[in-house]
Amino acid sequence: MFRFKQFSVDQSGCAMKINTDGVLLGALAVADNPASILDIGAGTGVIALMLAQRYAVAKVDAVEIDTEAAKTAEKNFTASVFADRLTLYATRFESYFDQYPESKYDLILSNPPFYIDSLKSPGVKKTLAKHTDADFFERLINSVASHLSPDGSFWLIVPATMADLLASLAANYSILLQKTISIQSYLYSEPHRVILSFGREKSSTETSNFIIYEDEGVYSDVYKELLKPYFIDF
């Protein structure tokens, strides 16, 4: 059980536990008073819960393909004070969109499986959570482009080496890269993740860096300030 200031997250049955990637995406993704939010690949449900906390009137939907993880996320939703605004769908994102073809979202997020064409992890659940075929992102972006509201934004976190690929894929579906946040462990280390934000409006891409640690085992002030609304220790 991982306890936050306004909710708790049971991680039972989830192959991918709460991690830095997820909480950074949940904290850094922003939108202008979104009425509808979708989390694709919800896992424990932590990102959806963080967004439900920040946007107090938003309806938050979440899709999770793994049956056990979906049960856990739904339990976490039901136990939270945001329960009436959270809905879990235990299915593939393609199946969800097929079932709800008219649905539109002001904010869509994903902390996706991103080890393209890599050696599969032992264990079916971890393989499902961590790995994907090369066409996964094209299918994801195609679906997102059809269900993003006119002023909506799509946020995801991936390895830094994938930024150019995703920007190119997204442009093919008329959603354009608007923000790039490079995630670094330390000030002088190379970025290992990027958080990307896409939208329909053409504009110059905003770029910034985010440093997690000030020193070994010591979180940076910016990290603590970002997660202060959520983490009990901050």
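Modeller: Two strands count as paired if DSSP finds at least two bridges between them. This is a predicted model. With that rule, 8 strands form an open sheet in the order β5-β4-β3-β6-β9-β11-β10-β12, with mixed pairing.

Colleague: What makes β5 and β12 edge strands?

Modeller: β5 (86-89) and β12 (206-211) each have a single partner strand, so one side of each lacks a neighbour in the sheet. From one strand to the next, the twist averages 15 degrees.

Colleague: How do you know that β4 and β5 pair?

Modeller: Count the bridges. 4 join β4 (residues 59-63) to β5, and the rule asks for at least two, so the two strands pair. They run parallel. Asp 61 stands opposite Thr 87 in β5.

Colleague: Which strands does helix α3 touch?

Modeller: Helix α3 (residues 67-79) packs on the sheet against β4 and β5. Its direction makes about 170 degrees with that of β5. Helix α7 (residues 163-172) also packs on the sheet, touching β9, β10 (176-184) and β11 (193-199). The direction of α7 makes about 15 degrees with that of β11.

Colleague: Why is Ile 157 called buried?

Modeller: Its relative accessibility is 0%. The cut-off is under 20%, so Ile 157 counts as buried. Ile 157 lies in strand β9 (residues 148-159). Ile 157 and Ala 29 are 128 residues apart in sequence, and their C-alpha atoms are 10.0 Å apart.

Colleague: Ser 103 lies in the loop between α4 (93-99) and β6 (105-110). Is Ser 103 buried or exposed, and why?

Modeller: Buried. Ser 103 has 14% relative accessibility; buried means under 20%. Ser 103 touches Tyr 96, Phe 97 and His 147, leaving aside residues up to four places away in sequence. A polar atom of the Ser 103 side chain lies 2.8 Å from the backbone oxygen of Tyr 100.

Colleague: How many aromatic pairs are there?

Modeller: The count comes to 19. One of them is Phe 93 with Phe 136.

Colleague: What makes the pair of Phe 93 and Phe 136 edge-to-face?

Modeller: The centres are 5.8 Å apart; the limit for a pair is 6.5 Å. The planes make 90 degrees, and over 60 counts as edge-to-face. Phe 93 lies in helix α4 and Phe 136 in helix α6 (residues 136-147), so the pair ties together parts 43 residues apart in sequence. Phe 93 and Phe 136 are both buried.

Colleague: Which residues form one aromatic cluster?

Modeller: The members include Phe 2, Phe 4, Phe 82, Tyr 186, Phe 210 and Phe 234.

Terms used: Residues numbered from 1 in each chain as written. Predicted model: local features only at pLDDT ≥ 70, side-chain atom pairs only at ≥ 80, totals over all residues. Heavy atoms only, no water. Buried < 20%, exposed > 50% of the residue type's maximum accessible area, 1.4 Å probe, protein only. Polar contact = N/O pair within 3.5 Å; in protein donor to acceptor, adjacent residues only side chain to side chain. Contact = heavy atoms within 4.5 Å. Axes fitted to C-alpha atoms, helices over the stretch in contact; angles between N-to-C directions. Phe/Tyr/Trp six-rings, centres within 6.5 Å; stacked < 30°, edge-to-face > 60°.
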